[in-house]
Structure formats: C-alpha cells, structure tokens
Amino acid sequence: MKPIYIYIFIMAAITYLIRMLPITLFQKEIKNQFVKSFLYYVPYAVLSAMTFPAMLSATGNPIASTASCIAALMAAYKEKSLLQVAIIACVVAYGVTLVLSVV
C-alpha cells in the first residue's frame with residue numbers, strides 16, 4: 001500500500017472520530033452554563049487562531065497585511081457581510097501593495 005493511502009485513511013479516521021465521539025459521549029443535554037458557553041465559542045476561537053496568522057503573512061508585505069487586517073476588522077465592526085469584509089480586505093491589500101511598489 002502506498003503511503004498516500006495510509007495518510008488518507010488516518011485523516012478519514014480522525015475526522016470521523018472527531019465527529020462521532022461527541023455524539024456518543026454526550027447523549028444527555030449539557031446543563032452546565034460554563035461548559036455550554038465554552039463549547040459555543042470554541043469554533044470562533046479556533047477559526048480566528050487559524051485565520052489571523054495567515055492574514056498577516058498572505059501578501060508577503062507586513063504593511064499591506066496589517067492595513068488589510070485593520071480594514072477587515074473595521075468592516076466587520078460595522079457589521080458588513082463576510083463577502084464584503086473579504087473583498088474590502090483584498091482591495092486594501094492590493095492597493096497598499098500597488099502604492100508601495102510605486103514608492
């Protein structure tokens with residue numbers, strides 16, 4: 001068996017276990033408010049922990065990355081949609097990169 005198939009099998013097994021274990025372990029409703037609030041915010045924390053470092057290194061230019069990150073945060077604070085925030089961040093990153101390449 002080639003190593004790629006072993007990797008795919010392990011990935012599939014882990015993905016399945018991550019989705020199956022909570023269903024089998026927590027069959028009763030969770031009543032603890034701390035646990036409920038913790039589980040509510042875990043996806044947001046994980047997503048931001050994965051996204052934020054990528055945002056700062058995506059352009060290869062720390063000034064453009066920082067500017068686009070600030071623009072995205074401002075757009076999100078003004079309750080723009082996810083698509084609008086992404087477009088604003090891309091336009092700002094491109095614009096700042098373009099301006100910095102001219103200067």
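The chain has four helices and zero strands, where helices (H or I, at least four residues) and strands (E, at least two) are DSSP runs numbered from the N terminus. Reading along the sequence, you get the pattern α-α-α-α. Keep in mind that this is a predicted model: local features need pLDDT of at least 70, side-chain atom pairs count only at pLDDT 80 or more, and totals for chains, interfaces and linings use all residues. Residues are numbered from 1 along each chain as its sequence is written, and side-chain values use heavy atoms, with hydrogens and water left out.

Let's start with the overall shape. The radius of gyration of the chain is 20 Å, whereas a compact globule of 103 residues would come out near 13 Å; the radius is taken over C-alpha atoms, and the globule rule is 2.2 Å times the number of residues to the power 0.38. Along the principal axes, the C-alpha atoms fill a box of roughly 60 × 45 × 20 Å. Of the 103 residues, 10% are buried (buried is under 20% relative accessible area, exposed over 50%, partly exposed in between, with a 1.4 Å probe and protein chains only).

Now look at how two of the helices meet. Helix α2 (residues 33–57) packs against helix α3 (residues 62–77) at an angle of about 135 degrees, and their axes are 7 Å apart. Axes here are lines fitted to C-alpha atoms, for helices over the stretch in contact, and angles run from 0 to 180 degrees between N-to-C directions. That angle makes α2 oblique to α3, since under 35 degrees counts as roughly parallel, over 145 as roughly antiparallel, 65 to 115 as roughly perpendicular and the rest as oblique. On the α2 side the contact is made by Phe52, Met55, Leu56 and Ser57, and on the α3 side by Ser65, Cys69 and Ala72.

Two serines of α3 are worth a click. Ser65 sits in helix α3 and counts as buried because its relative accessibility is 0%. Setting aside neighbours within four places in sequence, Ser65 touches Met55, Leu56, Ser57, Ala58 and Thr59. Ser68 is also placed in helix α3, and with a relative accessible area of 7% it is buried. With neighbours within four places again left out, Ser68 is in contact with Ala89, Val92 and Ala93.

The loops give you another view. Glu79 is in the loop between α3 and α4 (82–102), and its 72% relative accessibility makes it exposed. Most residues other than glycine have a negative phi. Glu79 is not a glycine, yet has a positive phi of about 60 degrees.

Over in the loop between α1 (3–25) and α2 you'll find Gln27, which is exposed with a relative accessible area of 67%.

Notes
Contact = heavy atoms within 4.5 Å.
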